[in-house]
Amino acid sequence: MPPSPASAEPSSGGRRRRVVVTGIGAITPLGGDVAGTWQGLLEGRCGVRQLHGEEFAELPVQIAAPVAVEPAELLSRREMRTMSRCAQFAVLAAREAWADAGFGPEDIRGEALVAGRVGVSMGTIIGGAPVLVAADHTLSARGARFVSPHTAPMVVPNSAAAQVAVDLGARGEARTVVSACASGTEAIGQAIDRIRDGHVDIVLAGGTEAVITASVMASFTAMRALSPGAEGPQAASRPFDKARDGFVLGEGAGVVVLEAEEHARARGARIYGEAAGWGLSADAHHMVAPRPDGAGIVDALHKALADAGARPDEVAHVNAHATATPAGDAAEALALREVFGAGANIPVTAPKGALGHLQGAAGAVEAVATVLTLHHRLIPPTIGCDNPDDGIDLDIVAGAPRPLPEKGDLVLSNSYGFGGHNAVLAFRRYTDMLSQAG
């Protein structure tokens with residue numbers, strides 16, 4: 001690969017640079033890569049299953065959505081020993097996204113790219129906290145000298161971003177976002193701005209989470225946030241459905257390679273779409289419950305549209321956050337109707353019926369799905385929504401995939417989290433503006 005331009009400053013005239021998506025990667029409950037995950041979404045498969053570990057035996061809820069392929073099958077023993085599960089997911093998704101973007105593993109170190117112009121932006125909620133729980137058990141059971149020296153560096157929330165940077169040699173920056181279930185989405189949004197403003201040319205951006213542990217599940221169960229799965233694992237996550245009764249805890253990672261348009265064009269990259277904009281807001285209402293009127297979500301949606309320079313009628317599809325909690329789904333539906341109008345009939349899909357709720361990774365994996373929806377012009381169906389709640393009043397894609405409408409060239413991906421964090425990404429069908437301008 002020929003050396004790439006450094007592009008150390010924004011484009012001529014001081015305008016903000018255009019950002020495009022050139023690579024995607026994922027490890028999820030539906031597959032160990034993007035292809036498996038996308039196929040699972042299109043087929044309407046469900047990644048939720050029964051947990052059989054001894055630590056879950058006494059829990060009231062014993063279902064979750066673990067990744068479909070264990071990292072031990074894909075990483076070396078040393079990598080398994082020195083990385084938290086959260087970081088393992090991030091590295092695997094980043095490697096896939098990097099290769100998908102047309103780069104080799106040594107392209108940064110080999111100076112095919114300028115190392116200081118490549119960054120990482122990763123979202124997570126708990127990071128390596130399960131490592132700390134395991135270390136505490138080891139300390140109690142066996143004593144201090146049996147606690148791994150890798151514990152402290154694996155526990156810190158920035159370990160995933162750092163491990164991706166180390167793995168690929170990205171020296172531009174390695175940023176970590178912690179904003180509850182909006183973390184992965186916000187990490188991608190921040191990366192868009194860093195490229196737009198000329199700080200870096202390429203960012204591996206996304207989210208990762210690995211919190212299927214007894215203590216986390218016990219806490220969510222005590223909050224009555226988890227679905228008990230009374231009708232079995234496959235019917236537990238029911239976004240927008242009348243019978244929805246909570247989310248299903250999941251794990252995994254999603255990563256997109258974002259790149260300055262001129263940088264991507266200079267190397268002849270395949271472009272999935274434009275990362276056109278994003279919006280961020282805070283409910284300032286409650287630590288757990290969303291604002292019932294959806295006002296914070298409305299603000300984030302309007303900001304994303306404004307940042308993308310778009311109108312509501314340009315939106316062809318929305319990938320909803322929809323965790324399958326009664327209050328959360330209702331607030332999001334109200335916000336969508338407020339922004340787009342009750343009769344807009346914009347097709348909406350909710351991947352958490354298939355994936356469960358991947359927490360800090362949810363927005364990143366769903367961003368990957370949204371980019372693929374735009375690229376393939378096909379919307380995956382929502383599973384679990386057999387009887388939509390009368391109050392939802394949205395055009396929910398269910399039963400089978402649906403072609404993306406020809407009208408409108410913008411798609412949105414929504415994420416909302418505890419504490420009232422609201423984040424929305426806007427992706428646009430890519431058109432070669434530079435050539436058109438010439």
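Q: Which helices each supply at least two residues of the lining of the second largest pocket?
A: Helix 3, helix 4 (129-142) and helix 8 do so; a helix here is a DSSP run of H or I, at least four residues, numbered from the N terminus. Lining residues have an atom within 4 Å of a pocket point. The model is predicted, with local features needing pLDDT of at least 70 and side-chain atom pairs 80 or more, while totals for chains, interfaces and linings use all residues. Residues are numbered from 1 along each chain, and side-chain values use heavy atoms, without hydrogens or water.

Q: Which helix gives the largest share of that lining?
A: Helix 4 gives the largest share of the second largest pocket's lining, with five residues. The 24 lining residues include Glu55, Arg85, Pro130, Ile212 and Thr213, which lie nearest the centre.

Q: Which element gives the largest share of the lining of the largest pocket?
A: Helix 11 does, with six residues. Helix 11 spans 326-340, and helix 8 (214-222) and strand 14 (410-417) also give two or more residues each. Among the 37 lining residues, Phe247, Val288, Thr323, Thr325 and Phe418 are closest to the centre.

Q: Why is helix 3 called oblique to helix 6?
A: The axes of helix 3 (residues 85-100) and helix 6 (residues 159-168) cross at roughly 40° and come within 8 Å. Angles under 35 degrees count as roughly parallel, over 145 as roughly antiparallel, 65 to 115 as roughly perpendicular and the rest as oblique. Therefore helix 3 is oblique to helix 6.

Q: What makes the contact of the two helices?
A: Residues including Ala90 and Trp98 of helix 3 and Val164 and Leu168 of helix 6 make the contact, meaning heavy atoms within 4.5 Å.

Note on methods: Axes are lines fitted to C-alpha atoms, for helices over the stretch in contact, and angles run from 0 to 180 degrees between N-to-C directions. On a 1 Å grid over the protein atoms alone, a cavity is a set of points where a 1.4 Å probe fits but cannot get out, and a pocket is an open set with protein on both sides within 12 Å along at least five of seven lines; lining residues have an atom within 4 Å of a point.
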